[in-house]
Amino acid sequence: AIDISKLRDQTGYVTLDIGYKNTGATKSAITFLDGEQGILKYRGYPIEQLAEKSSFIEVAYLLIYGELPTEEKLKAFQYELSRHTLVHEDMKKFFDGFPSKSHPMGQLSSLVSALSAFYPESLKPSQTNEELNQSIIKMIAKMATVVSWIYKKSLGHPVIYPQNKYDYVTNFLHMTFGQRTEEVTIDPVVIDAMNKLLILHADHEQNCSASTVRIVGSSDSNIYASVSAGISALWGPLHGGANQAVIEMLEKIKEDGGDTDKWIAKAKDKNDPFRLMGFGHRVYKNFDPRAKIIKKACDDILEKLGINDEVLEIAKKLEEVALKDPYFVERKLYPNVDFYSGIIYRALGFPTDMFTVLFALGRLPGWIAQWKEMKENKEPIGRPRQIYVGATSKDYVEIANR
Ligand code: ACO
């Protein structure tokens, strides 16, 4: 009989799938995605319905706890969140230490990791359901405060403290755009746009950052360490960093005279490393359904706020040309969620280097849902294999003889 345990250790029995392009790492009941048909559902609910009818916090509840909350449960969730929005005063010392122009994503991943020092009860590897729930609530509640304080720090402005009377998104906008001395009224159009953007980013199954959160959490790391790792994964321009890269690209095209054909040719040139930012997706080989919703929201918001953005015109022209170009058609490269999100963030008044941080704020419930599911499923520690291709055997050579 064959001893399977011995066979497993031989490289011939390892599946090689670099970048995990076709390897399922888990069974998940959170998000359904059909990249061929452009379908996205959270817990069975179509993203189009959630973006239109729901609020970010309701969607967070749905992703984390598996079902849409009753009115009573939603109220209790919001109440719990509002009780934990303050971060420890000593956390402010970290803000003082960062250079004022340091990238907000670097600050965010460090600050989220630092939260573990202030809330050590989250470090227990096996928490009771109640303890786990408290860790989740604290993580969500404090994230909005940390994100808005990073923004205030970039301006050199004093931080604004959270106010329990506001819902989560309004509180975030209040801490971001509010003043210390006077009450500012946040335009409902802005609150609505922010909810929509956060909902659209809330989860996307086993992407680079969610897989990172799961794999870090699989070693029983705490929620702050796991989310901080997810933030680091999201930072890269091939993932969440694309929203910043899109606006920078569109600005460059504008400064260059707005010749979209020239930039499309550059993206197609295999000797040029330039890629059309905001185009293409590992899973969507059809229109990203989130991009469709965002494109429409973008038009609506700019109109309602009375903003005329030349960069939006360039984006539309690029999309029009690319969608007809055989290079993009054959490779099924469509605009993704990041192609238009930056234009909305800009219209709402956020600086470019805050865009990926806003993505992180939106993706947080997804990361938490993935982390919680991984724990509930009692998944083993994540540990991929390799095919070793290095030298097989060498004898040590004294340094003088090398
Ligand atoms: N511009 C030009 N060519 C592209 C682009 C692009 N944006 N994206 C892919 N291609 C080409 C590749 O050069 C490759 O061509 P080839 O077959 O001739 O070699 C082919 O399309 C397939 O591309 P891969 O890189 O193999 O696809 P992969 O699934 O690995 O990458 C990715 C997906 C990373 C998103 C890629 O499309 C990309 O770099 N896009 C730009 C960055 C971006 O917008 N990222 C955000 C993703 S969405 C998100 O994270 C929320």
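Start by selecting H281 and D338, the two residues that UniProt lists under "active site" in an unreviewed entry; UniProt positions follow the numbering used here, feature names are shortened, and annotations may be inferred rather than shown by experiment. Although these two are spread over 58 residues of sequence, they cluster in space, with a largest C-alpha distance of 10.5 Å. Residues are numbered from 1 along each chain as its sequence is written. The model is predicted, and for that reason local features need pLDDT of at least 70 and side-chain atom pairs count only at pLDDT 80 or more, while totals for chains, interfaces and linings use all residues.

Stay with H281, which sits in the loop between helix 13 (260–268) and helix 14 (289–304); helices (H or I, at least four residues) and strands (E, at least two) are DSSP runs, numbered from the N terminus. H281 is buried because 22 other C-beta atoms lie within 10 Å, where buried is 20 or more, exposed is 12 or fewer and partly exposed is in between, with C-beta atoms placed from the backbone. Leaving aside neighbours within four places in sequence, H281 is in contact with D288 and N336, contact being C-beta atoms, placed from the backbone, within 7 Å.

Next, select D338 in helix 17 (residues 338–348). D338 is buried as well, with 29 other C-beta atoms within 10 Å, and its contacts, again leaving aside neighbours within four places in sequence, are A242, N243, V246 and G278.

Now turn to helix 9 (residues 188–201) and helix 14, whose axes come within 11 Å and cross at roughly 165°; axes are lines fitted to C-alpha atoms, for helices over the stretch in contact, and angles run from 0 to 180 degrees between N-to-C directions. Helix 9 and helix 14 are therefore roughly antiparallel to each other, a label for angles over 145 degrees. To see where they meet, select V189, A193, K196 and L200 in helix 9, together with R290, I293, I294, A297, I301 and K304 in helix 14.

Finally, go to strand 1 (residues 31–34), which is joined to strand 2 by four bridges, the two running antiparallel; strands pair if DSSP finds at least two bridges between them. The bridge partner of T31 is Y42 in strand 2, and G38, in the turn of this hairpin, has a positive phi of about 70°.

How values were computed. Contact = placed C-beta atoms within 7 Å. Parallel < 35°, antiparallel > 145°, perpendicular 65-115°, else oblique.
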